[in-house]
Structures are given as structure tokens and as C-alpha cells.
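Here is a friendly briefing on a structure for your next look at the coordinates. Please keep the viewer open while you read.

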Amino acid sequence: MRKRHLLSTADLTVDDANLILDTAQELSTVAGRAIKKLPTLRGRTVVNLFFEDSTRTRISFETAAKRLSADVINFSAKGSSVSKGESLKDTALTLEAMGADAVVVRHWASGGAHRLANAGWIHSSVVNAGDGTHEHPTQALLDAYTLRQRLGSVAGRHVAIVGDVLHSRVARSNVHLLSTLGAEVTLVGPPTLLPHGVDSWPCAYSYELDPVLPKCDAVMMLRVQRERMNQAFFPTEREYSRRYGLHAARMAMLPEHAVVMHPGPMNRGLEISAEVADSVRSTITEQVANGVSVRMAVLYLLLGGAESAIGNDEEGSAR
Amino acid sequence: MSGTSYVIRGAQLLGGEAGDLYVNDGVFAEDAVRGAAVIDAAGLIALPGLVDLHTHLREPGREDAETVLTGTRAAAAGGFTAVHAMANTDPVADTAGVVEQVWRLGREAGYCDVRPVGAVTVGLKGERLAELGAMADSAARVRVFSDDGHCVSDAALMRRALEYVKAFGGVVAQHAQEPRLTEGAQMNEGELSGMLGLQGWPAVAEEAIIARDVLLAAHTGSRLHVCHLSTAGSVEIVRWAKSRGYPVTAEVTPHHLLLTEDLIQGYDPVYKVNPPLRSATDVEAVRAGLADGTIDAVATDHAPHPVEAKDCEWAVAAMGMLGLETAVSVVQRTMVETGLLDWAGVADRMSVRPARIGGLAEHGRSFEAGAPANVVLVDPAASRVVEPGALQSLSRNTPYAGMKLPGAVVATLLHGSATVLDGRVVER
């Protein structure tokens, strides 16, 4: 993969995506070993730069980098550059001076990772770990990985993504990646939570969940922020839950083999019932485990993995 | 300033026939004065000095972005002889004291006639009227009032403002932006905003206010001027209002004539502006509106910002872009080269009509003897690659950096005195 950054799944070709998923599969065997560590990125520095709290994503990236023997620095830069605190540029310059090889960035602003990668402030690789309401590429990659694991393939599968698509970076990244990989995607949500112009996206959309369920191989439930209710996106939590929540009766409408996914953290009882979240169809904990493998693959490939990930103990020299 | 004499030899007057212009003592003269300096204007187009209805000079308050001196030097370099300085300074230009300060700074700088715009409401807060009469009666003789940057969204307040300024022949220039529909808005709402995850700024937020205001103008019989309209729907509404004879005028910025929202894909905040860059369809519509006269004027909305206000994330970046020094080039590219306007049309939209809207008796005039010698010479055959570092403005936030644009301002005369000669700003 000749890319330096991972900013958007829209930038990935089928070959890029499959390479990441295949590499992740290879690397996943490390998790089963007694010593869960490869020397691949020894001497490299990975910075987790988080402008927004996300313990689960940060821990996942941290675990991935450490399993590849990279040095990991966690940099929590809460608050915005408009309020007090350092600007993104100055933070970037600081990291550059410290010799970061890769910066994993979570930012509350859409385009935060793009700016970090392209404004000319730094030379290191940038991995987008979620930017505002734009994208979260490694989440989509781990979702695709999970689908492949559970269903055998992504191509030709039908995936419904349900809920607050408007504010969801997970949905955007998944629409790009799953359609690139040949899946058929249907976005489901109230019209208020589907973006303007969604009819031109590479997917279908529906305002109703029930008719979509019987043809799904997978249903991906998005987290719904309770405060959206106050901005008139939907009238009440109960109404949302009734129309778009996945509960046992709805789950029964799914084909036998279909799986239920959620990027977490869940609002049990709002978009997903406890019964569904804890059912055998649920892939939620697998998604977490797969997240580490996929992030290992991304870091490995961006930081110079020219050859097979395992069995190549010397670091790749290409950068 | 006066006392200087020029012979402008062989200029194409308004882009038409070649002729000589004689300047003496601040006005055009019948004949050459002995000893007058000769400006060889062969191949150059002579237009009345350009008039900008919408300029942010930033002084007082943000002298790190622009001052009256640097901003008017930029204006002169762009061929302007008069600019309207917007009221959103710090302190806000909502009192006679502040507008007189800006007016005086303009006189001292000497590069341009600076006409301060007065705020409609105190502190631009949209709550109660500023002392519009005091500003009108001040030495600055304010005639254009605007809360630019903010919309006078309260319909009753807007109605009163429109009515009140009739007493002194004023005009309310509205920044049309329905505030509730644009809370947190980042870019034009459409396919791209959804993809980029940037909160949409719907066309209807602009159009709904313009629709309301043209009806208010009709009801009150007062003059409304629509600032920087940017959508096809806005053009339609103004066209309709004019067809009914309502006292409405409108302006469009050079950037809305040339640039589209597609530029935002890289999240570079140099393209962040209010109103936002729109679609190609909108660009086509505003060009057509300017061509048929629905839109009266090109106004730059020159909005300087210091480097740090743009060298950051999109969401926190300031809105606005430079415009004075590239305006005539952008109009040449978008309107003249496309055949939508001839140079006489450019003179009309960039000088005659804006001068009339702003109530400027000494600008936007013909070249007849006795008229104030405000004139600009443009070389339409020239072209240049825009270099932010070479601009007269104190700021660098031009969206045209690296872009090749046609035309060059060779000379600007303000009341008969050169502010630009041989393409260079004259030191004074």
C-alpha cells in the first residue's frame, strides 16, 4: 500500500482494503500467542493525539501499536483551539519535533485529520481515528473484517446501517468501504437524521426499518445521542426506540444467519435492546477484538510494511 | 493632492473608442495643461474609479489583520477610488464617534475615499437601533447601514430600520442569514456537506430573509440593499422584486462569481466564507443575474484575517477572504471573457451603480470636463499568478493563491492624483 495516511475509506481501492484485511488476519494470530508481541515497529514512535475523549478507541490503537513494539505516546489535548489551549498546528509542530512516525488523531472537528496531514505542519503518517461527523476509517475496516469473519465475505452481502447517519462518522466510513468491497448498503433512519443529498450516496436508504430487515445479512446499529431530541431531530426517546430500535421482535425478522453489529458505546434500551445486544447474533465484543488486529495492520502498512507482516522481524525500510 | 496634471493618452474609454483624457486640479479638463505628465494608455481600458460597497478594513480593533491605510492601499491597487468600510469593527461603528474616526483615517491615508457603513443595531446585537441619524449627520455622512456579519433577523426591527433611514436618504444593507437555520453551519448544504460531515448552510436560510425583506421594502417604500447574495433562488427573488418595481438593489462578490464549494474537499479554511461558496448552478445564476442587471453591483466583501485565523481546523477558522486586489481580474474572467458583460457593463456594475447605491456624488461619473478625476486604467491583455505575499493587504487569505488571473490595474487616479502608477502603489 503506497499511501502515507489513512484519512478516509473513500481513498481506499479494493486492493488496499483487502490488503489491510488480509494483513489484519495474519496479525490476529498474535493475539493467540503467549507472547503477544512482534518486533515489527521497534524504534518507531506512534502518538495517540486525542482532542476528544474516546477511551475505547485510544486503548485499541495503543494495544495495536504496542503489539508491534512501537513506542506509544498518549497525548490528550482536550478543549478546542478557540477556547484556551494549544492550537492544532502548535500541537502538530510539537509532535513533529519529538520525532513521531505516526500520529493517530481523534478530533471533534470534521476534517481535523485532513488538516493535520495536509497543512504542511508535519511529515509523519496520520491515521484518522475519528474526525467530527466525517469519518472513522478503522471502525469501518474492523466492521468489514468482522463481516468477513462471520459471513465469509463482504461482496454481495446486504448491510443495513440504522440510526443517526447525519452525525455518524462510522456510517460515512462504512458506506464508502462496504460499497467498495461490493456490499449492498441501506441506510435507515428518520428523514431528519439522514443527510441532505443522501440520494446520491453509493447506497440505498429507507425511512422504515421493518421492510429492510428480512433481506439483511447484517444490521449495524448506530449510537443515538440523547441530546438530539432537544434539537427536534426526533420527538422522544420512546418514539425513536419504537420506530428504529432493534428489539427481540424485530431481530426475529432477520434471516437465520444475519448478525447484529454496534460500534459502541451502546445505549441499551434506546437503539438496541439488551436482549439483542447480548444475543448470539451480536458481534459487538468480536468487533472490539478485531479492532486491535485491523489497527495493527494499518500501522504496519503505513509505517513501511513492504513484506509479509509475520516472519519479517526486521522493520521494513520503506517510508 | 490637487494641482497635478495628467494626459492619459489613447485609453479605450469604457472599453470603446480610444481617446485622450485630461486631468487637472482634481477634475477632468477640456484640454491638456502645459507640463502635464503623460500616461501612455494605449491598449488600456479607462473605467471610472471602482466603488466597493462592502469592505472590511478592520480598524479600529483588528489592526493585526488590516488597517485603514493598508486596506485602502489594497483598494487602490485593485482600481478602487471609494470603499464602504463595514461596521463590524471593535468597537463597532455604531456611533458618530467611531464612523468619524474611520472616515478621518481614510482621509489621512489618502488612497481611497472611505465611506463608513454604520451599524443598524447597537453592537450588531440585533436588539435596538443604533443612533442612525447621528451617524448620518456626522462628518462621515453615513448613508449605508448594515449589521454585516449578522442578520437583522427580527422582522419588526428590520421594518423600523428601513423606515427610519428614509429621513436622510439612507439604505439598509442586509446580511441575509436566517440565524436558526444556520446555527453551527459550516458550508453550503448539499451532497458535499453530507459527505464531508460539515454542517449544512441551506440556501433557504438566505432566500427566506431576502424574500421577507423585499416585501418589507415594498411595504415601507424604503430602499433595501441585499449584501453578497449567493444562490440561484436569491437571484430569482430579487428579479421578481425588481419586476414589481420594489426599491431593491443587490450585490454579488467576486468569489461567488468564480469559486464553488468543491474547493472545500481538502478542508482548507481559506475557502471558508459567509455566505458559503455554493454550487456551480448558483455560480451560473449569479453571473446571469449580474449580466441582466438583477444584481446591481460587484462588491468584494474583502475580509482580511491574520494567519492563525486560517491556519487551523475548518470548524474554528474565521470566515472571509480577501477581494480588493483581485476583483477586477475575477470579473474579467467570469463576466468579460464569457461575453456576459462588456467593459461598459463592468463600469456600470463596479462603479456607476454602487456609487449610486452608496450616494457617492463624486464617483461613478462620466469622464466629462469638470467631473472628479476618479479613473482606473486596466490592461486587459495582462495576466498574473496571484501571490499572497505580493499583495498590499496586511493579510494573506486570498483564495486565488497560485491561480492565473487575467488583467492588471496599471493606474488609479483619485481626485486627479495618482494612487497607482505603472502598476505600483504610489507612496505618499
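## Sheets, helices and a chain contact

β9(B) and strand β10 (residues 171-174) of chain B pair in the parallel sense over two bridges. Strands here are DSSP runs (E, at least two residues), as helices are (H or I, at least four), numbered from the N terminus, and two strands pair if DSSP finds at least two bridges between them. This is a predicted model, in which local features need pLDDT of at least 70 and side-chain atom pairs count only at pLDDT 80 or more, while totals for chains, interfaces and linings use all residues. Residues are numbered from 1 along each chain as its sequence is written, with chains lettered from A and ligands numbered from 1 in the order in which they are written.

**The sheet of chain B**

- Within that pair of strands, B:V144 has B:V171 in β10(B) as its bridge partner.
- The pair belongs to an open sheet of five strands in chain B, ordered β9-β10-β13-β14-β15, with parallel pairing.
- β9 (144-145) and β15 (297-298) of chain B are the edge strands, and each pairs on one side only.

**Chain A overall**

- Chain A has 10 helices and nine strands.
- Its C-alpha atoms fill a box of roughly 55 × 45 × 35 Å along the principal axes.

- Chain A has an open sheet of five strands in the order β7-β6-β5-β8-β9, and the pairing is parallel.
- β7 (204-206) and β9 (259-261) of chain A each have a single partner strand, so one side of each lacks a neighbour in the sheet.
- Neighbouring strands of this sheet are turned by 20° against each other on average, direction ignored.
- Strand β8 (residues 218-221) of chain A is joined to β9(A) by three bridges, and the two run parallel.
- A:M220 has A:M261 in β9(A) as its bridge partner.

**Helix packing in chain A**

- Helix α1 (residues 14-28) and helix α5 (residues 137-151) of chain A pack at about 70°, with axes 10 Å apart; axes are lines fitted to C-alpha atoms, for helices over the stretch in contact, and angles run from 0 to 180 degrees between N-to-C directions.
- α1(A) and α5(A) are therefore roughly perpendicular (65 to 115 degrees; under 35 is roughly parallel, over 145 roughly antiparallel, and the rest oblique).
- In this contact, A:I20, A:L21 and A:A24 of α1(A) meet A:L141, A:A144, A:Y145 and A:R148 of α5(A); residues are in contact if their C-beta atoms, placed from the backbone, lie within 7 Å.
- The axes of α5(A) and α6(A) come within 8 Å and cross at roughly 55°, which makes α5(A) oblique to α6(A).

**Where chain A meets chain B**

- The contact takes 24 residues from chain A and 18 residues from chain B.
- α3 (88-97), α4 (112-118) and α6 (169-180) of chain A each supply at least two residues of the side of chain A that touches chain B.
- α4(A) gives the most to that side, with four residues.

Technical notes. Contact = placed C-beta atoms within 7 Å.
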